[in-house]
Amino acid sequence: MPPPYDETVAVLENRPLRGGHFLLSLYSPRQARAARAGQFAMVRLLGRSDVLLRRPMSIYDVKPLDVRGDPSIPGHRAADSPEGVSPSSALNAPAILQLLYKVVGRGTRLMSELKRGDEVGLLAPLGHGFFEEEYIERAKEADGVLHVAGGIGIAALLLPAGDLARAGVRQSLFFGGRTQQDLVGLDDFQPLVDRVVLATEDGSRGYHGYVTNPLEKYLEWNGEKKFLLMVCGPWAMLQAAVELAHRYGHACLVSMENRMGCALGVCLGCCIRVEGTGHGAYQRVCTEGPVFWAERVIWDREELPKT
């Protein structure tokens, strides 16, 4: 897996979506080309001494940028093309890295004020993603993949959905939020999946309640099938989805969203408890994760290390 790059990159767009969500597009060719499904990035706001820590965010998508250039992008010359890539093939080379985020505090509120031409510090790609060949082979062996997302957890699942669609795997998306304003990114997912099931806690769209309720009904109705679940969202939703996967005998991968300090495995602030003894009973979400096989994680919150 390529090492992360720590670079200052240009903002191409910071598009407001509904419900306080934004889609941030960054011109970052090296990081975009290196990114793999399930990895994440750390964003640093430049010139802000009052926001010291970087913000961890799942890499939502990567896209190509026309190599003819854009004079409004700092440092991007018309003759630029990715290293080792011919000008013609560079048209399809990933150069834009996208982050989907929601304003939840001071750091993300300041991020929402970014505009085209601004710059941010970006450390990416980070973490151990969805194991590429391993998860695609497991998905092909299953009767389909069920993506289960809660709120902004949807951001971790678009890249793997794209990988699986290109591999010809049948997929469904179970997506829940507090209100319909939390259900963002659906237009990007719908071309990749065969079924979309929505749920909101206030009943404003889809099933009224938690997304794990329609998920449980679906698993009951398809008791003879074996699925691969890929889950990202709040801890309680992760735990509920993992319990359903275990009860009905399905493989399950989880993408964790723990708080992070360094994202390089040094500060140990993102550790979770896993099966094992001694120091091997804890792993870092930033390096050994953020993706784990669900059966390895100890889900009892009381047994987790205090951070």
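## Salt bridges

How many salt bridges does the count come to in this structure? A salt bridge is taken here as a side-chain nitrogen of Lys or Arg within 4 Å of a carboxyl oxygen of Asp or Glu, and by this rule the count comes to 10 salt bridges. The structure is a predicted model, in which local features need pLDDT of at least 70 and side-chain atom pairs count only at pLDDT 80 or more, while totals for chains, interfaces and linings use all residues. Residues are numbered from 1 along each chain as its sequence is written, and side-chain values use heavy atoms, with hydrogens and water left out. Side chains of opposite charge can pair when their charged atoms come close.

One of these salt bridges joins Glu7 to Arg30, with 2.5 Å between the closest N and O atoms. This pair links distant parts of the chain, since Glu7 lies in strand S1 (residues 5-16) and Arg30 in helix H1 (residues 29-34), 23 residues apart; helices (H or I, at least four residues) and strands (E, at least two) are DSSP runs, numbered from the N terminus. To describe how far a residue is covered, buried means under 20% relative accessible area, exposed over 50%, and partly exposed in between, with a 1.4 Å probe and protein chains only. Glu7 counts as buried because its relative accessibility is 19%, whereas Arg30, with a relative accessible area of 40%, is partly exposed.

## Two further salt bridges

Asp182 and Lys102 also meet through their side chains in a salt bridge, at 2.9 Å from N to O. Here too the pair links distant parts of the chain: Asp182 is in the loop between strand S8 (171-177) and helix H6 (186-189), Lys102 is in strand S5, and the two are 80 residues apart. Asp182 has a relative accessible area of 9% and is therefore buried, while Lys102, at 27%, is partly exposed.

Another salt bridge is formed by Arg15 with Glu13, whose closest N and O atoms are 3.5 Å apart. Arg15 is partly exposed, with a relative accessible area of 36%, and Glu13 is partly exposed as well, with a value of 34%.

## Aromatic pairs

Rings of Phe, Tyr and Trp (its six-membered ring) pair if their centres lie within 6.5 Å, and planes under 30 degrees apart count as stacked, over 60 as edge-to-face and the rest as tilted. By this rule the count comes to five aromatic pairs. Among them is the stacked pair of Phe22 and Tyr101, at 5.6 Å centre to centre and with 15° between the planes. The pair links distant parts of the chain, with Phe22 in strand S2 (residues 21-27) and Tyr101 in strand S5 (residues 94-102), 79 residues apart, and both Phe22 and Tyr101 are buried.

Phe130 and Tyr135 form a tilted pair, with 5.7 Å between the centres and 55° between the planes. Phe130 counts as buried because its relative accessibility is 1%, and Tyr135 is buried with a relative accessible area of 1%. Elsewhere, Phe174, Tyr218 and Phe227 form one aromatic cluster.

## Helices H7 and H8

The axes of helix H7 (residues 212-221) and helix H8 (residues 235-248) come within 11 Å and cross at roughly 10°. Axes are lines fitted to C-alpha atoms, for helices over the stretch in contact, and angles run from 0 to 180 degrees between N-to-C directions. Angles under 35 degrees count as roughly parallel, over 145 as roughly antiparallel, 65 to 115 as roughly perpendicular and the rest as oblique, and H7 and H8 are therefore roughly parallel to each other.
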